[in-house]
Amino acid sequence: MILDAIEKRYSVRHYKDQPVEEDKLAEVLEAARLAPSGSNLQPWKLVVVRDRATIRSMVHAIGGQQFVEQAPVLIVACMNGEGYNLGHRYEGAVIDITIALDHMTLQAASMGLGTCWLGNYDGNEIRALLDIPSENPVVVLLALGYPDENHPHRPRPRKPLDELVCWEKFTG
Ligand SMILES: Cc1cc2nc3c(=O)[nH]c(=O)nc-3n(C[C@H](O)[C@H](O)[C@H](O)COP(=O)(O)O)c2cc1C
């Protein structure tokens, strides 16, 4: 059930010192590959970083968020292709990439892996570290790895459904 993975997923900010197996990483990436996108443009490139020294060097560019250096995998999602550059498709590409990464977070959760979205970053710094061309804007990053169970997860609250949903017409 997809809802099981949705309920299992949370932002993991403590990772075990344990690599992610190649086949599991491949499945997480496959979940992104199969994601829908506007006009099926698939306007992204995912830079998968596993080199420890590179990950360490990226911490400063990711808002100094120290836990990031524990993650055995960092995935940097960039826009790619002609499609996004048409002005009106820029926002579309952000939506497409977000869907692809959400697929990844859920596939990861279903296999016992943890993820954390990383939206607090300096795009220019990331670009310089990973040789990302300026025509490939960085949209968001994902940390990936096995959660460290020594740091139990405290679920973040969610608004009740009746605050988020109204029926037939917009009601406050
Ligand atoms: C687009 C986006 C960017 C985020 N950026 C960060 C970040 O830079 N650092 C961080 O620790 N968490 C980040 N988060 C995680 C959120 O804080 C988290 O999803 C939210 O508090 C709900 O908690 P949960 O993911 O554990 O359910 C981000 C989440 C999203 C969706």
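1. E168 is exposed, with a relative accessible area of 79%, and in this predicted model the residue belongs to the segment that follows α6 (161-164).

2. Which residues come nearest to the ligand? There are 13 residues around the ligand, and among these S11, R13, Q65, G119 and R158 come nearest. When the shell around the ligand is sorted by class, it contains 5 nonpolar, 4 polar and 4 charged residues.

3. An N or O atom in the side chain of Q65 is 2.6 Å from a nitrogen atom of the ligand, while a polar side-chain atom of R9 lies 3.0 Å from an oxygen atom of the ligand. In W117 the backbone takes part, for one of its polar backbone atoms is 3.4 Å from a nitrogen atom of the ligand. On its own the ligand has 620 Å² of accessible area, and the protein covers 67% of that area.

4. G119, one of the residues that come nearest to the ligand, is found in the loop between β3 (114-118) and α5 (123-130). Is G119 buried or exposed? Its relative accessibility is 58%, and therefore G119 counts as exposed, the cut-off being over 50%. Along the chain G119 and P43 are 76 residues apart, and their C-alpha atoms are separated by 19 Å.

5. G38 lies in the loop between α2 and β1 (44-49), and because its relative accessibility is 24%, G38 counts as partly exposed. The C-alpha atoms of G38 and G114 are 28 Å apart in space, and the two residues are 76 residues apart in sequence.

6. D96 itself is part of helix α4, and with a relative accessibility of 4% it counts as buried, because buried means under 20%.

7. The largest nonpolar core has 23 residues, of which V28, I97, L101, M104, L113 and L144 touch the most other members. Two or more residues of this core come from each of α2 (22-33), β2 (73-79), α4 (88-110) and β4 (138-145). Which element gives the most to this core? The answer is α4, with 6 residues. As background, nonpolar side chains tend to be buried together in soluble globular proteins.

8. The UniProt annotation "domain: Putative nitroreductase TM1586" covers residues 101-166, a span that is 33% helix and 20% strand, with its end C-alpha atoms 28 Å apart.

Technical notes:
Residues numbered from 1 in each chain as written. Predicted model: local features only at pLDDT ≥ 70, side-chain atom pairs only at ≥ 80, totals over all residues. Heavy atoms only, no water. Near = heavy atom within 4 Å. Polar contact = N/O pair within 3.5 Å; in protein donor to acceptor, adjacent residues only side chain to side chain. Areas by Shrake-Rupley, 256 points an atom, 1.4 Å probe, with all protein chains shown as cover. Nonpolar A, V, L, I, M, F, W, Y, C, P; charged D, E, K, R; others polar. Core = buried A, V, L, I, M, F, W, Y, C linked by side-chain atoms within 4.5 Å. Buried < 20%, exposed > 50% of the residue type's maximum accessible area, 1.4 Å probe, protein only. Helix = DSSP H or I, 4+ residues; strand = E, 2+ residues; numbered from the N terminus. UniProt positions renumbered as here; feature names shortened; annotations may be inferred.
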